[in-house]
Amino acid sequence: MFNKKITIAIQSKGRLYEESKKLLSNSGISFRIIENRLLTRASNVNVDILQVRDDDIPSLVSNKVADLGIVGKNLLDEQLAGDKSLSVKETISLGFSKCKLCFAKPKDSTTDSLNNKVIASSYPNLVNQYLKQNKIKADVIKINGSVELTPYIGIADYICDLVSSGATLEANNLEATETLMESEAVLISSNDVDDTNFFDLVNRFKGVINAKDSKYVMLNCDESNIKKICALLPGSESPTIIPLEQKRKFAVHALCKEPVFWETMEELKENGASSVLVLPVEKILN
Ligand code: PRT
Ligand code: ZN
């Protein structure tokens, strides 16, 4: 497997670290990361893992020091907007570290537009791009940390920062106005490499991501309820219908590619399903 060595760059600590490691190990890569070490070699496949700051990942991939990298889409788009020589592309979305890049202002502020205001952000390129696209004239100042404090020390009217739970905005008496972009972790590769080198590895990643929300559902029902029940199964394409020993009784087995909530199970039961089993799915290979 993986005849040619594949080097993948992940964040060495921070918000992307744990999920990045989990994705690699769920994809069948065995490794033991030693803290503060830049490079870890997988023990079972031809893969090297580079642990670096997220900000360095796009350029390492662009310069082909790494074949693949995991970064937030926010960081990738900010760097692409600011550096035309960066030659990387988003390969797949990874479904974790979801957040939004939002404009926000103090709750007691009476302003209702970004026009002629000062905006503090760690994403000046994306903010300037947004302002240009929306024909808004405003000043952008780049702040690397604690952006949420800038309105209170009088250096900005608005901020543009990442929001996930909303607790930071709330704690600083700020309210979100508009959303500049939605973000999540993405896999990146260089624009000018042969993607077939890591096709199998990317397929494994896809298999892990697809399996995450998927469940295998098994239930029994009368013949007369099969249609209704199949329609209720979330994201299932073609359930398997198996006749049972008891006349007009069937078992329905389905791969549901969307979450199966308690509410769905209760609805299935109300529509005549019995013995409803919901099982986790570990991997999917399409
Ligand atoms: O050290 P290194 O440079 O590698 O890491 P870093 O400090 O630059 O990045 P890190 O680990 O903080 O974030 C890495 C990536 O996580 C980001 O680029 C995003 O893609 C993603 N991510 C997801 C977030 C958040 N959610 C998030 N909430 N990054 C930052 N935040 C911050 C936000 O800036 C704000 O300060 O969390 C605060 C808001 O969170 P809530 O939950 O209060 O809304
Ligand atoms: Zn960083």
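This is a predicted model: local features need pLDDT of at least 70, side-chain atom pairs count only at pLDDT 80 or more; totals for chains, interfaces and linings use all residues.
## Charges and the model

## Overall form

The protein contains eight helices and 15 strands. Its radius of gyration is 24 Å, well over the 19 Å that the globule rule gives for 286 residues, so the protein is more spread out than a compact globule.

Of the 286 residues, 43% are buried. The accessible surface comes to about 15,900 Å², and carbon and sulfur atoms account for 48% of that area. Among contacts with a separation of 6 or more, 68% are made by residues 24 or more positions apart.

## The nonpolar cores

The largest nonpolar core has 25 residues. Which of them touch the most other members? They are Ile8, Val47, Ile70, Leu187 and Phe205. At least two residues of this core are supplied by each of the strands β1 (6-11), β3 (47-52), β4 (68-72) and β11 (185-190), and likewise by each of the helices α1 (17-26) and α6 (199-212). Helix α6 provides the largest share, four residues. Another core, of 16 residues, lies apart from this one, and its members include Ala81, Phe103, Leu126 and Ile136.

When residues up to four places away in sequence are not counted, Ile70 touches Ile8, Ala9, Ile10, Leu16, Ser20, Leu23, Ile57, Leu94, Phe96, Ala185, Val186 and Leu187.

## Two residues with positive phi

Most residues other than glycine have a negative phi. Asn173 has a positive phi of about 60 degrees although it is not a glycine. Asn173 belongs to the loop between α5 (167-171) and β10 (174-183). Its relative accessibility is 35%, so Asn173 counts as partly exposed, since that class lies between the limits of 20% and 50%.

Arg248 likewise is not a glycine, yet its phi is positive, at about 60 degrees. This residue is found in the loop between β13 (240-243) and β14 (249-256). Is Arg248 buried or exposed? With a relative accessibility of 56%, Arg248 counts as exposed, because the cut-off for that class is over 50%.

Ser62 lies in helix α2, which covers residues 57-62. At 12% relative accessibility, Ser62 counts as buried, because buried means under 20%. Leaving aside residues up to four places away in sequence, Ser62 touches Ser85, Leu86, Ser87, Val88 and Ser190.

Glu266 is part of helix α8, which covers residues 262-270. Its relative accessible area is 44%, so Glu266 is partly exposed. How far apart in space are Glu266 and Val276, C-alpha to C-alpha? The distance is 9.4 Å, and the two residues are ten residues apart in sequence.

Terms used: Residues are numbered from 1 along each chain as its sequence is written. Chains are lettered from A and ligands numbered from 1 in the order in which they are written. Side-chain values use heavy atoms; hydrogens and water are left out. The radius of gyration is taken over C-alpha atoms; the globule rule is 2.2 Å times the number of residues to the power 0.38. Buried means under 20% relative accessible area, exposed over 50%, partly exposed in between (1.4 Å probe, protein chains only). Contact means heavy atoms within 4.5 Å. Accessible areas come from the Shrake-Rupley method with a 1.4 Å probe; for residues, only the protein chains shown count as cover. A nonpolar core is a set of buried Ala, Val, Leu, Ile, Met, Phe, Trp, Tyr and Cys residues joined through side-chain atoms within 4.5 Å.
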